[in-house]
Every structure is written in structure tokens, then in C-alpha cells.
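Q: Could you walk me through this one, starting with the ring pairs and then moving on to whatever surrounds them?
A: Gladly, let us look at it together.

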Amino acid sequence: MRPAVFILGTSHPLQCGAVECGVDSIALLEEKVRQALSEHGIRRIAEEMSEEALRHQLGDKAARETVCQRIARDEGITVDFVDLDRKERHRLRLSDRVINRFTFDYGENDTERTAIREAFNILCHEVRERVWVGRVLSGVEWPVLFVCGANHADSVGELFERVGIPATVVCSDFDGRPDP
């Protein structure tokens with residue numbers, strides 16, 4: 001099958017099935033993911049997530065898997081985490097420690113420090129999004145459902161399109177509320 005990506009943007013707590021999101025919202029996300037799998041013949045799921053980030057989102061009080069991992073296991077398909085973990089970010093000099101030092105050393109005032117931090121965050125997002133695209137492209141099962149933070153859905157779709165992979169944003173910001 002030809003490569004194609006379907007993108008679902010949501011919040012990370014909802015993506016992880018965090019208790020505070022509520023059972024109904026988590027069930028609606030699960031329904032949305034299963035609908036995308038069925039409608040688009042999805043053969044693999046990729047998530048903006050790392051094992052480290054999953055532990056951070058869920059803590060010790062919850063299961064150690066995302067909603068998509070649970071669905072993928074039920075459906076017998078692959079799910080990949082494609083985000084950089086803390087060590088990878090540090091190796092790429094994208095860690096908070098680097099920006100904090102730079103901001104402190106070169107920011108003249110709070111306004112300038114805020115501007116430096118915002119610019120650095122944009123740069124980090126752009127680097128991370130390119131890593132995700134590369135990691136998704138390294139897989140062999142197509143089409144792919146890519147689940148990411150809502151603030152990335154459109155820009156990641158544009159990146160896939162730039163490398164010739166058709167990308168459809170299924171939902172740019174799924175919030176776990178029923179459709180009106």
C-alpha cells in the first residue's frame with residue numbers, strides 16, 4: 001500500500017488516558033481512533049510520545065500505556081513512540097538547561113528573556129517535528145495514524161506533504177467532547 005499519514009491532534013493527558021480527563025473523554029478518543037483505523041485502513045500508529053513522557057503523564061497511579069497502545073494491541077497492529085527522550089534532547093542541545101543558561105547569559109531583561117525562550121521553543125518544536133517525520137518514514141506499514149499534540153497537527157501534516165507523503169488531518173484538536 002502507498003504511504004499516507006492521517007493525523008490526530010489532541011492533548012497529551014487525553015492521549016495517555018490520564019484519570020483527570022474522565023472516562024467519557026477517554027472513551028470518545030478511543031472511538032475516534034478506532035473510527036480512523038477502520039475508515040482509512042490504518043496499519044500502524046505513531047505517537048508523539050516517549051516512555052519517559054508517558055511515565056511523566058501517568059505517574060504511578062495508572063496503567064503504563066496510551067489509549068493508542070491499548071487499541072493497537074487489541075487490533076494486532078504496531079504502535080511506535082517517535083518523540084525524543086530527555087537524553088536525546090540533551091545530546092541535541094535542546095534541553096531546558098541549555099536555554100536557561102543562554103537566556104540568563106544573554107537576556108538583558110525579562111522581555112528579552114521571554115523572547116529568547118519563545119524563539120528557542122519554536123526551534124525545539126521544529127527539530128522535534130522533523131525527527132517524528134523521519135521516524136515515521138522509517139516504518140514499513142502504511143497507512144499510518146499519527147497522534148500528536150494539537151499544536152503540532154497542521155505543521156506536521158505540512159512536513160509530510162513536503163516529503164511527498166499525503167497527509168490528512170483527521171482532527172487538529174480532539175478534546176474528548178462529543179461532536180455537536
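Q: How many aromatic pairs does a search of the whole structure find?
A: Searching the whole structure gives two aromatic pairs, where rings of Phe, Tyr and Trp (its six-membered ring) pair if their centres lie within 6.5 Å, and planes under 30 degrees apart count as stacked, over 60 as edge-to-face and the rest as tilted. In one of them, Trp132 and Phe146 form a tilted pair, with 5.9 Å centre to centre and 45° between the planes.

Q: Which parts does that pair tie together?
A: Trp132 lies in helix H7 and Phe146 in strand S4, so the pair ties together parts that are 14 residues apart in sequence; helices (H or I, at least four residues) and strands (E, at least two) are DSSP runs, numbered from the N terminus.

Q: And what about Phe146 and Phe160, what kind of pair do they form?
A: Phe146 and Phe160 form an edge-to-face pair, 6.4 Å centre to centre with 65° between the planes. This pair links distant parts of the chain, with Phe146 in strand S4 and Phe160 in helix H8, 14 residues apart. Trp132, Phe146 and Phe160 form one aromatic cluster.

Q: Before I go on, what is this model and how were the values taken?
A: This is a predicted model, in which local features need pLDDT of at least 70 and side-chain atom pairs count only at pLDDT 80 or more, while totals for chains, interfaces and linings use all residues. Residues are numbered from 1 along each chain as its sequence is written, and side-chain values use heavy atoms, with hydrogens and water left out.

Q: OK, is Trp132 buried or exposed?
A: Trp132 is buried, at a relative accessible area of 0%, where buried means under 20% relative accessible area, exposed over 50%, and partly exposed in between (1.4 Å probe, protein chains only). Phe146 also counts as buried, at 0% relative accessibility, and Phe160 is buried as well.

Q: Which residues of helix H8 are buried?
A: In H8, which spans residues 153-162, the buried residues are Ala153, Val156, Gly157, Leu159 and Phe160. Seen down the axis of H8, they fall within an arc of 160°, so they line one face of the helix; the arc is that of the directions from the helix axis to the C-beta atoms. The face turned away from the buried side of H8 carries the exposed residues Glu158 and Arg162.

Q: What covers the buried residues of H8?
A: The cover includes strand S1 (5-10), helix H7 (110-137), strand S4 (144-149) and strand S5 (167-174), with contact meaning heavy atoms within 4.5 Å.

Q: How many residues of S4 are buried?
A: Strand S4 is mostly covered, with six of its six residues buried.

Q: In what sense do S1 and S4 pair?
A: S1 and S4 pair in the parallel sense over six bridges, given that two strands pair if DSSP finds at least two bridges between them. Gly9 stands opposite Cys148 in S4. Strand S2 (residues 44-47) also runs parallel to S4, joined by four bridges, and Ala46 stands opposite Phe146 in S4.

Q: Changing topic, where does Thr66 lie?
A: Thr66 lies in the loop between helix H3 (51-58) and helix H4 (67-75), and Thr66 is buried, with a relative accessible area of 0%.
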